[in-house]
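Please keep the viewer open while you read.

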Amino acid sequence: MSRLQLFLMQADVGGMNRSKAFLNDNFVSLYGPGLGNLAPFSEEECKARLMEVYGLEGVALAGSIAELRLFVEVMADGDYVLLVDGDKVHFGDLGDYYYVLDADNREDGSCHRRGVTWLKSLPHAMVGPELKSFLAEGQFPAMYEHPVTDWQMKLWLSGATESSGQSEQPFAIDHTTIREAVDILRLAMQSDDVERRERAAAAILQYASRSRSL
């Protein structure tokens with residue numbers, strides 16, 4: 001079972017709600033006009049551009065570099081993404097990073113993009129507690145601390161927990177099946193193998209004991 005990374009993005013980018021464009025045109029983006037194409041990612045080049053274009057330094061510079069690295073280098077094709085859009089959450093499958101020159105301006109700024117195949121949308125209140133805790137951190141972009149599986153994501157997006165999803169549900173056995181099983185045990189009691197006869201007898205006695213207790 002393959003394990004992938006899960007990332008968190010928000011619809012509000014550069015002071016604008018981009019949810020309509022994100023969902024209709026199948027992408028997510030970071031706001032970063034003036035930096036040019038960031039692939040392949042180079043920390044030194046990214047640092048130089050951020051200092052030149054935005055005059056960043058210190059903690060602000062380090063934070064911007066970390067965000068851009070996460071988006072351009074750490075995220076990978078096939079990973080999962082959650083897009084927070086007000087009281088809704090959209091879930092999708094990430095694609096590769098790409099740069100859009102026409103969007104490299106202050107008015108738009110969505111030039112750093114990743115394609116997304118959107119798979120599901122649901123109210124924030126309906127996601128499972130594991131995802132709610134991740135969303136509550138309020139960090140964008142962000143990466144979930146552990147790799148996840150497709151099974152986990154389906155479970156969390158259904159509002160369930162892993163413990164509830166893993167619990168085994170009891171199933172009913174019809175009377176015909178029970179009679180057939182008992183008949184097989186009776187035949188086993190006629191075997192020449194002493195141990196086999198003893199196991200069959202013990203199984204029948206155990207069944208009879210449980211039946212009386214019901």
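In which loop does Pro-40 lie? Pro-40 sits in the loop between strand 4 and helix 2, and we will come back to this proline below.

## About the model

This is a predicted model, in which local features need pLDDT of at least 70 and side-chain atom pairs count only at pLDDT 80 or more, while totals for chains, interfaces and linings use all residues. Residues are numbered from 1 along each chain as its sequence is written, and side-chain values use heavy atoms, with hydrogens and water left out.

The predictor's confidence in each residue is given as pLDDT, from 0 to 100. For the protein chain the mean pLDDT is 86, and 81% of the residues reach 70 or more. Please read residues 164-172 with care: pLDDT stays under 50 there, and the model has three contacts beyond four places in sequence for this stretch. Contact here means heavy atoms within 4.5 Å.

## Overall make-up

The protein chain has eight helices and eight strands. Both are DSSP runs numbered from the N terminus: helices are H or I with at least four residues, and strands are E with at least two. Of the 214 residues in the protein chain, 35% are buried. Buried means under 20% relative accessible area, exposed means over 50%, and partly exposed is in between, using a 1.4 Å probe and protein chains only. Among the contacts with a separation of 6 or more, 64% join residues 24 or more positions apart.

Six strands form an open sheet with the order 4-7-6-5-1-8 and mixed pairing. Strand 4 and strand 8 (142-143) are the edge strands, each pairing on one side only. Two strands pair if DSSP finds at least two bridges between them. In general, strands of a sheet pair through backbone hydrogen bonds, either parallel or antiparallel.

With strand 1 it pairs in the parallel sense over five bridges, and Phe-7 has Val-81 of strand 5 as its bridge partner. Strand 5 and strand 6 form a hairpin with two residues between them, and Gly-86 in the turn has a positive phi of about 65°.

Is strand 5 mostly covered or uncovered? Six of its six residues are buried. Tyr-80, Leu-82 and Val-84 lie on one side and Val-81, Leu-83 and Asp-85 on the other, so both faces are covered, as buried is defined by under 20% relative accessible area.

## The cores

A nonpolar core is a set of buried Ala, Val, Leu, Ile, Met, Phe, Trp, Tyr and Cys residues joined through side-chain atoms within 4.5 Å. The largest has 26 residues, and Met-9, Val-28, Leu-68 and Phe-71 have the most contacts inside it. Elements that give two or more residues to this core include strand 1 (6-10), helix 2 (43-54) and strand 7 (112-123). Helix 3 gives the most, with six residues. Beyond its neighbours within four places in sequence, Met-9 touches residues including Val-28, Phe-71, Val-81 and Pro-141.

A second, separate core has 19 residues, among them Phe-91, Leu-131, Ala-142 and Leu-155. Leu-155 is also one of the buried residues of helix 5 (residues 150-157), along with Gln-152, Met-153, Trp-156 and Leu-157. Helix 5 lies across strand 1, strand 5, strand 6 and strand 7, at about 20° to strand 5. This angle is between N-to-C directions, on a scale from 0 to 180 degrees, with axes fitted to C-alpha atoms, for helices over the stretch in contact. After helix 5 comes Gly-159, with a positive phi near 90°.

## Backbone details and cysteines

Back to Pro-40: a cis peptide bond joins Ala-39 to it, with omega about -5°. The bond from Phe-140 to Pro-141 is also cis, with omega near -10°, and Pro-141 lies in the loop between helix 4 (129-136) and strand 8. Asn-26 has a positive phi of about 60° although it is not a glycine; this residue is partly exposed, with a relative accessible area of 35%.

How many disulfides are there? The count is zero, taking a disulfide as a pair of cysteine sulfur atoms within 2.5 Å. Cys-46 counts as buried at 2% relative accessibility, and Cys-111 counts as buried at 0%.
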